[in-house]
Amino acid sequence: MDLGLKGKTALITAASKGIGKAVAESLAAEGCEIAICSRTKDDLISAANEIKEKYKTEPFWCVCDLNKEKDIELAVEVVNKQFGKIDILVNNCGGPIPGYLRDLNFKDWTSAFEQVLMSVVKFSSLIVPEMILREWGRIINITSVSVKQPIDNLMLSNSLRSGVIGFAKTLSNEVAKFNITVNNIAPGYTLTNRLYDLAVHRAKVSGISHEEILSDMSKAIPMNRLGRPEEIASAVSFLASQQASYITGNTLVIDGGFVKGL
Ligand code: NAD
């Protein structure tokens, strides 16, 4: 199916690895011009080279720490300069640190708040006015199944990602009349560096190996396996597509059946 994305421009944040990078690849495969940003220059260069090799399109990249307001402003400025517009904004972020309430100090909370919620607010605030003028836009936020079913030991993610869902629903109503859709993806356990690090952290706390932790995670999933980043990415591309023009204010869970609720 042609998703009608040729010639569209997409900015994907936190996209040098994992789910963000897979999203960049998926949108590049659909013919979008891609801009990726994240904290580490070397990782961005290697992601951009990989995408260029596979999809014969040269991604634009810029260093941007989502915890720094100036970096966010600069990222939007340089991407607009490069492409002249941003049609699709994919708000991804680094995962907040794990921990129970007793493990976290106020600095941890502030840092996670800035990265998880405020980066979405800031990028959207800077990009939506131009989308309104062009009367077309797609905003897709990568959150987590924790917005449907809180996950033990992920206090920061469980608490702050729900704010993103509330923001997205409110914004979706505000901009719907301009053909701008705002949706969220809620990935379940997906095999990336982040998940591997979480397993290592849990292994330390529980005294069992991280291999066992990953295997236990798979067993809790009806599909009996972890997700693949590209399985999250295809759903993002669909939500960005012309065909998804009447879907807005939604949260799509992609978890192999992990969430138990209706
Ligand atoms: P990952 O660790 O593989 O990749 C994270 C990306 O974020 C990297 O490119 C990294 O450079 C970037 N990043 C980290 N901190 C940043 C910062 N301050 N500023 C800019 N960029 C930053 O992670 P992933 O598994 O791809 O996860 C992506 C998001 O999806 C995370 O928020 C994670 O919590 C969430 N998520 C992941 C899973 C999973 O199982 N992998 C499940 C649910 C939700």
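What is the volume of the largest cavity? The volume of the largest cavity is about 80 Å³. The views below all come from a predicted model.

**View 1. The largest cavity and the residues around its centre.**
Searching the whole structure turns up one cavity of 30 Å³ or more. Its lining is made up of 14 residues, and those nearest the centre are Asn91, Cys93, Val116, Val120 and Ile142. Two or more lining residues come from each of helix H4 (106-134), strand S5 (137-142) and helix H5 (155-175). H4 gives the largest share of this lining, with four residues. By class, the lining of the largest cavity holds seven nonpolar residues, six polar residues and one charged residue.

**View 2. The largest pocket and its lining.**
The volume of the largest pocket is about 1200 Å³. The pocket is lined by 45 residues, with Cys93, Gly94, Gly95, Pro96 and Arg194 closest to its centre. Helix H1 (18-29), H4, H5 and helix H6 (193-206) each contribute at least two residues to the lining of this pocket. The largest share, five residues, is supplied by H6. The lining of the largest pocket divides into 19 nonpolar, 18 polar and eight charged residues. Cys93 is listed among the residues closest to the centre of the largest pocket, and Cys93 is also listed among those nearest the centre of the largest cavity.

**View 3. Asp87 and its two salt-bridge partners.**
Asp87 is buried, at a relative accessible area of 3%. Its side chain forms a salt bridge with the side chain of Lys85, with an N to O distance of 2.9 Å. Lys85 has 23% relative accessibility and counts as partly exposed. The side chain of Asp87 also meets that of Arg134 in a salt bridge, at 3.8 Å from N to O. Arg134 belongs to helix H4, whereas Asp87 sits in the loop between helix H3 (69-83) and strand S4 (88-91), so this pair ties together parts that are 47 residues apart in sequence. Arg134 is partly exposed, with a relative accessible area of 30%.

How many salt bridges are counted? The count comes to 17 salt bridges. One of them links Arg228 and Glu230, whose closest N and O atoms are 3.9 Å apart. Arg228 is partly exposed at 40% relative accessibility, and Glu230 is partly exposed at 46%.

**View 4. Asp255, a buried residue without a salt bridge.**
Asp255 is found in the segment after strand S7 (251-254). Which side chain of opposite charge is nearest to Asp255? It is that of Lys260, at a distance of 7.9 Å. Asp255 is buried and has no salt bridge, because the rule for one requires a side-chain nitrogen of Lys or Arg within 4 Å of a carboxyl oxygen. Backbone nitrogens do lie within reach of the Asp255 side chain: that of Phe258 is reached at 3.1 Å. For Val259, the backbone nitrogen lies 2.7 Å from a polar atom of the side chain of Asp255.

Met217 is part of helix H7 (residues 210-219). Is Met217 buried or exposed? With a relative accessible area of 4%, Met217 is buried. Met217 and Ala235 are separated by 18 residues in sequence and by 22 Å in space, C-alpha to C-alpha. Asn183 is part of strand S6 (residues 180-187). Asn183 is buried as well, and its relative accessible area is 1%. Asn183 and Ala235 are 52 residues apart in sequence, and their C-alpha atoms are 11 Å apart in space.

Terms used:
Residues numbered from 1 in each chain as written. Predicted model: local features only at pLDDT ≥ 70, side-chain atom pairs only at ≥ 80, totals over all residues. Heavy atoms only, no water. 1 Å grid on protein atoms, 1.4 Å probe; cavity = no way out; pocket = protein on both sides within 12 Å on 5 of 7 lines; lining within 4 Å. Points joined across faces, edges and corners; volume = space filled by probe spheres on them. Nonpolar A, V, L, I, M, F, W, Y, C, P; charged D, E, K, R; others polar. Buried < 20%, exposed > 50% of the residue type's maximum accessible area, 1.4 Å probe, protein only. Lys, Arg positive; Asp, Glu negative; His and termini not counted. Polar contact = N/O pair within 3.5 Å; in protein donor to acceptor, adjacent residues only side chain to side chain.
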